[in-house]
Amino acid sequence: VNVTTSYHINRSYIFLPNQFWVHKNHLLVLTALANLAPADRPLIVATGSTFDHRRSDHFSLVMHSLNSLGLRDSFLILGSVPRSHFIALMSHASAFLNPSRSEGWNTSVEEAKLFNLPLLLSDIPVHREQANVNSFFFSPNDHVRLSNLLRTFGSVDNQLANRKFSHTLYSNYRRNFAVMLYNLFFNASVQ
């Protein structure tokens, strides 16, 4: 069964795989979507835990904003998904979005790069460090710039031929990482 079909996703989408924590800045995305005419709104598919231990009411605030802005057709919340579904969702996305106000090293950005996705990233130091030629930046406070990026990349159809190549790259990356990790542990145990 196709993962996108199982989640009732029937159009192109921008993938936002962040926990629903305050600093991940989902409210900026909702404001940016609300700035667009309904016909210009892309579908945002969001994954990640809906509980923020630092602010337990945050997800309720996100849901209230989502409903009050009338964005239920433009912002799909899947919550935590199995790893295999995460990879499938990434591989079918038209772009990757991370609006975070702060980050350590973000592995999802690295994974999106392996799938050759356009990266819509908040302009914070770690995202600048992780950027590639497919990166497009917006201030974590600039809903207008983000609206423009969402309009542009939400209308891009999936390029599945490129994704097949990217999937092969990702498989090779996983294999190489496993070998490197094995060697690291083996060498540490020998010393």
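**View A. Pro 38, an exposed loop residue.** Pro 38 counts as exposed because its relative accessibility is 63%; exposed means over 50% relative accessible area, buried means under 20%, and partly exposed is in between, using a 1.4 Å probe and protein chains only. You will find Pro 38 in the loop between H2 and S2. Helices (H or I, at least four residues) and strands (E, at least two) are DSSP runs, numbered from the N terminus. Now look for Leu 71: Pro 38 and Leu 71 are 33 residues apart in sequence, and their C-alpha atoms are 8.8 Å apart in space.

A word on the model: this is a predicted model, in which local features need pLDDT of at least 70 and side-chain atom pairs count only at pLDDT 80 or more, while totals for chains, interfaces and linings use all residues. Residues are numbered from 1 along each chain as its sequence is written, and side-chain values use heavy atoms, with hydrogens and water left out.

View B. Strand S2 (residues 43-47) and strand S3 (residues 75-79) run parallel and are joined by 4 bridges; two strands pair if DSSP finds at least two bridges between them. Within this pairing, Ile 44 stands opposite Phe 75 in S3.

**View C. Asn 18 and its neighbours.** Asn 18 lies in the loop between strand S1 (13-17) and helix H2 (26-34). Its relative accessibility is 3%, so Asn 18 counts as buried. Leaving aside residues up to four places away in sequence, Asn 18 touches Lys 24, His 26, Thr 47, Gly 48, Asn 98, Pro 99 and Asn 106; contact means heavy atoms within 4.5 Å. The side chains of Asn 18 and Asn 98 are also joined by a polar contact of 3.3 Å. A polar contact is a pair of N or O atoms within 3.5 Å; within protein, one must be able to donate a hydrogen and the other to accept it, and residues adjacent in sequence count only if both atoms are side-chain atoms.

**View D. Asn 25 and its positive phi.** Asn 25 is not a glycine, yet it has a positive phi of about 70°. Most residues other than glycine have a negative phi. Asn 25 lies in the loop between S1 and H2, and it counts as buried because its relative accessibility is 5%.
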